[in-house]
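Thanks, everyone. Let me put the structure up, and then I will walk through some local features.

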Amino acid sequence: MPETIKWLGSEAPTEVRIEGYQEIKNVKDAPDVEYYVPGHRTCAGCGPALAYRLTALASGKNTIFAGPTGCMYVANTSYLCGPWAVPWIHTQITNGGAVISGIEASYKAMIRKKKYDGEFPNIICFAGDGGSADIGLQALSGCMYRGHDVLFICYDNESYANTGIQTSPMTPYGAHTTFTPPGPVVPEGKKTFPKDLLKMVAAGHPAVKYLATASIAYPVDLMNKVRKALAHKGPTFMHIHAPCPKGWAFESSKTLDIGKLAVDTGMWTLYEIVNGQVKVNYAPRRRKPVAEYVQAQGRFGHLTPEMTERLQAFVDSKLAELGLLVPIPAV
Amino acid sequence: MALQPNLIEVTVWYRGVVEGRLARQVTNSLADAAQTEGSYVQAFDNYTDLPDRVYVPCRSYARICPEPIAEPYTYVNSNPSLVVCTDAALVKGCNVLKGIDPGGTLIVNTRRDPEFVLGLVKDLPQKARLKKVATLDAGTAHQPNTPQGGIEGSTEKAGTMRTAAALLGAIAKVTGMVSLETLTKKAPAAAEMMAHGYAFVRELANPDYDPNDTASEAAEFGRRGKVDLIVPAPLPNGSQEGHITGNYRLQRPVVDQKICTACKICWVSCPDACITMVKDDEAAAAAAAAGEADGGLDGGADGAVPAAADGGGSAATGEKVKVNLKYCKGCGICWNVCPLKCIKPVDELDFAGGVVRITYSI
Ligand SMILES: Cc1ncc(C[n+]2csc(CCOP(=O)(O)OP(=O)(O)O)c2C)c(N)n1
Ligand code: SF4
Ligand SMILES: [Mg+2]
């Protein structure tokens with residue numbers, strides 16, 4: 001467990017409770033009314049679609065989704081229809097944050113003017129990594145900064161997937177994408193390391209009191225985090241790791257395996273930041289080497305051992321930052 | 001009929017992402033060879049099928065014509081005289097004969113025989129225009145672990161193509177639209193596979209072919225042009241009727257209800273919400289509904305499906321888990337995550353029914 005998280009200036013982690021959230025104890029205890037129903041053109045085995053479904057299960061009936069352009073807009077709404085049993089609105093890829101700000105502000109205005117006396121809705125922007133960490137960043141930042149009572153979720157499939165898998169700032173080092181094909185000049189494919197989106201939102205937006213990472217491979221944890229975020233009044237942010245069989249080149253049945261492997265290797269970490277304090281939710285007792293994660297996906301098929309080592313070093317330093325110095329047993 | 005009588009349209013149906021390169025290799029090579037033989041050609045993708053998604057039925061096209069092509073370029077082949085399918089489950093899930101020219105041919109990559117494929121199209125009115133069916137076991141075409149970055153528009157490498165080469169050989173043999181010699185000259189490294197396809201393709205004349213058929217064409221084109229622009233939003237726990245996804249499926253999850261402990265792991269892991277848990281109080285209702293809960297669009301005529309597999313649930317029969325076969329894409333997450341391994345993938349073609357016949361309206 002981490003001791004001091006320097007970049008946040010926080011002291012030892014404490015259990016910070018969010019009042020009024022209904023905890024899901026285990027899979028059997030999970031809500032079973034589907035608001036993201038069958039009938040969408042996402043890939044067989046699509047990680048982001050599972051993230052959507054789990055979010056909708058957790059948030060329930062009184063929810064409004066905003067969907068910036070990306071797979072979770074285009075694939076879901078092909079053929080002039082959509083799979084949501086709650087209100088949903090398409091936003092431009094750039095302005096998801098602005099649209100949910102507007103929805104929230106208009107509900108507040110309607111309540112003030114006594115034109116609405118229902119329950120305040122859960123307002124969720126479900127944006128891709130492009131729509132949050134890159135092209136949608138300014139709207140996300142504005143929304144989080146102004147303090148709207150909304151939840152912004154980045155489902156991270158680590159690329160601009162909808163347009164045919166182009167690199168995004170969340171694409172890991174060494175990944176093959178349309179814009180980072182490995183070749184004689186740039187043998188590793190993607191040369192740079194990804195942004196740290198959660199850190200960016202946490203460090204730069206004082207109004208945000210609840211942030212969490214999650215993974216589709218840990219569905220109960222994911223649903224609880226959605227509920228916590230929604231129970232909190234004010235802007236909240238979640239970053240969900242969502243493996244993408246098309247973009248990452250793995251077999252469609254392996255989506256959860258890849259998600260789990262990411263956590264087991266430290267490529268992804270499950271943690272929350274509540275009132276500025278970091279709580280790591282799950283730390284594997286023994287870490288697996290990053291090489292295992294790399295070998296399971298076609299997008300890393302060209303990596304040499306030296307390149308995998310660079311990725312390993314990056315992961316080690318990220319984990320050290322979180323105080324997670326879990327050893328990798330020698331093979 | 002195409003507007004230009006001498007125009008040959010070729011449509012290749014394939015599974016999104018995993019067979020995209022293969023399909024484009026077939027259409028591109030075919031057009032390339034025909035051009036070498038002096039024809040005017042085009043090769044292109046169906047616009048509305050892109051971006052393709054894993055296992056989604058998609059189409060790639062070629063056009064071959066002795067004179068300059070005047071047919072408008074609308075991103076679709078409306079009247080193919082040759083239809084190629086990269087797997088046989090596509091024939092079960094889609095109306096691949098839609099718009100087929102009188103006297104048309106269907107070639108399917110499958111280890112099953114042409115009689116079997118003919119059985120899959122028996123419910124289609126277009127069957128009367130189909131002259132010939134051919135099958136070839138050209139090998140598995142799936143390439144899940146190949147990086148798909150830049151898949152849009154890309155093809156296999158001519159030198160290493162295998163399945164595509166065998167299919168090209170079969171096309172040369174069955175239709176004669178290009179010669180094996182030209183194909184081989186274009187890709188010498190694939191000559192062996194082309195020759196294999198040429199030699200081993202199995203052909204069958206369709207006994208229901210009617211050269212004078214006009215009824216099926218009239219029935220098909222008479223109803224053209226109506227697209228419902230408003231599809232109602234689904235209800236909670238419902239489904240989106242506007243896009244039925246059961247035809248993505250190559251393999252069907254079959255649950256061994258005796259082993260299943262109703263742990264709900266498969267339920268929580270399904271991206272398509274296609275698994276429901278059978279509640280005890282549902283038992284009576286489910287037993288009554290078992291007939292219509294077949295999951296296919298053919299309304300429960302699925303005689304060959306074992307009770308446990310057909311999606312009709314009943315606690316009375318010990319059933320704990322229901323699979324929504326109308327929408328299940330066959331991604332395999334459920335049979336992969338099941339801690340007891342009590343969900344098994346079974347080839348979709350092993351089930352006589354469960355035909356989810358989806359015709360694209362746009
Ligand atoms: C301003 C603008 N630029 C480019 C596009 C084209 N575009 C559509 S979807 C998409 C990819 C979005 O990526 P991401 O937000 O990560 O979602 P994903 O598709 O990966 O789910 C792009 C670039 C657009 N719609 N709008
Ligand atoms: S490309 Fe990736 S994110 Fe898009 S539908 Fe397919 S699996 Fe889902
Ligand atoms: Mg993305």
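Predicted model: local features only at pLDDT ≥ 70, side-chain atom pairs only at ≥ 80, totals over all residues.

A:E158 is not a glycine, yet its phi is positive, about 60°. The residue sits in the loop between β4 and α6 of chain A.

Which residues coordinate the magnesium ion, ligand 3? They are A:D129 through OD, A:N157 through OD1 and A:S159 through its O atom. The distances run from 2.0 to 2.1 Å. Along the sequence, the donor spacing reads D-x27-N-x1-S. The pair A:D129 and A:S159 ties together distant parts of the chain, 30 residues apart. A:D129 belongs to helix α4, residues 129-134 of chain A. A:S159 belongs to the loop between β4 (151-156) and α6 (197-204) of chain A. Are these two buried or exposed? A:D129 has a relative accessible area of 0%, so it counts as buried. A:S159 is at 4%, so it is buried as well.

Next, ligand 2. It lies between chains A and B. From chain A, the residues around it are A:T42, A:C43, A:C46, A:P48, A:C71, A:N157, A:C244, A:P245 and A:K246. Chain B contributes B:R53. By class, that shell holds six nonpolar, two polar and two charged residues. Note A:N157 in this list; A:N157 is also a magnesium donor.

Another link between the chains is B:D272. It lies in the loop between α8 (265-269) and β9 (275-277) of chain B. Beyond its neighbours within four places in sequence, B:D272 is in contact with A:P38, A:H40, A:T42 and B:K329. B:D272 is buried, because its relative accessibility is 3%. A:T42 is also one of the residues around ligand 2.

Now the cysteines. How many disulfides are there over all chains? The count is zero. Take A:C154: the nearest cysteine sulfur is that of A:C125, 9.7 Å away. A:C154 is buried, at 0% relative accessibility. B:C270 is in no disulfide either: the nearest cysteine sulfur, from B:C274, is 4.8 Å away. B:C270 is buried too, with a relative accessible area of 11%.

On to helices in chain A. Helix α3 (residues 96-112) packs against helix α5 (residues 137-146) at an angle of about 35°. Their axes are 6 Å apart. From α3(A), the contact uses A:G96, A:G97, A:A98, A:I100 and A:S101. From α5(A), it uses A:A139, A:L140, A:C143 and A:R146. Those residues divide into five nonpolar, three polar and one charged.

Helix α9 of chain A, residues 255-265, is mostly covered, with nine of its 11 residues buried. Among them are A:L256, A:I258, A:L261 and A:D264. After α9(A) comes A:G266, with a positive phi near 90°.

A strand residue next: A:T236, in β6 (residues 236-241) of chain A. Its relative accessible area is 0%, so A:T236 is buried. Leaving aside neighbours within four places, its contacts are A:M144, A:V150, A:L151, A:F152, A:V208, A:Y210 and A:A229.

Last, chain B. Its secondary structure is 10 helices and 11 strands. Of its 362 residues, 56% count as buried. Among contacts in chain B with a separation of 6 or more, 78% come from residues 24 or more positions apart.

Two backbone points to check on screen. B:L50 and B:P51 are joined by a cis peptide bond, with omega about 0°. B:P51 is in the loop between β2 (40-45) and β3 (57-65) of chain B. B:Y75 is not a glycine, but has a positive phi of about 65°. B:Y75 lies in the loop between β3 and β4 (82-85) of chain B. At 38% relative accessibility, B:Y75 counts as partly exposed.

That is my tour. Over to you.

Technical notes
Residues numbered from 1 in each chain as written. Chains lettered and ligands numbered in written order. Heavy atoms only, no water. Donors = N, O, S within 2.8 Å, 3.2 Å for Na, K, Ca; no water. Helix = DSSP H or I, 4+ residues; strand = E, 2+ residues; numbered from the N terminus. Buried < 20%, exposed > 50% of the residue type's maximum accessible area, 1.4 Å probe, protein only. Near = heavy atom within 4 Å. Nonpolar A, V, L, I, M, F, W, Y, C, P; charged D, E, K, R; others polar. Axes fitted to C-alpha atoms, helices over the stretch in contact; angles between N-to-C directions. Contact = heavy atoms within 4.5 Å. Disulfide = S-S within 2.5 Å.
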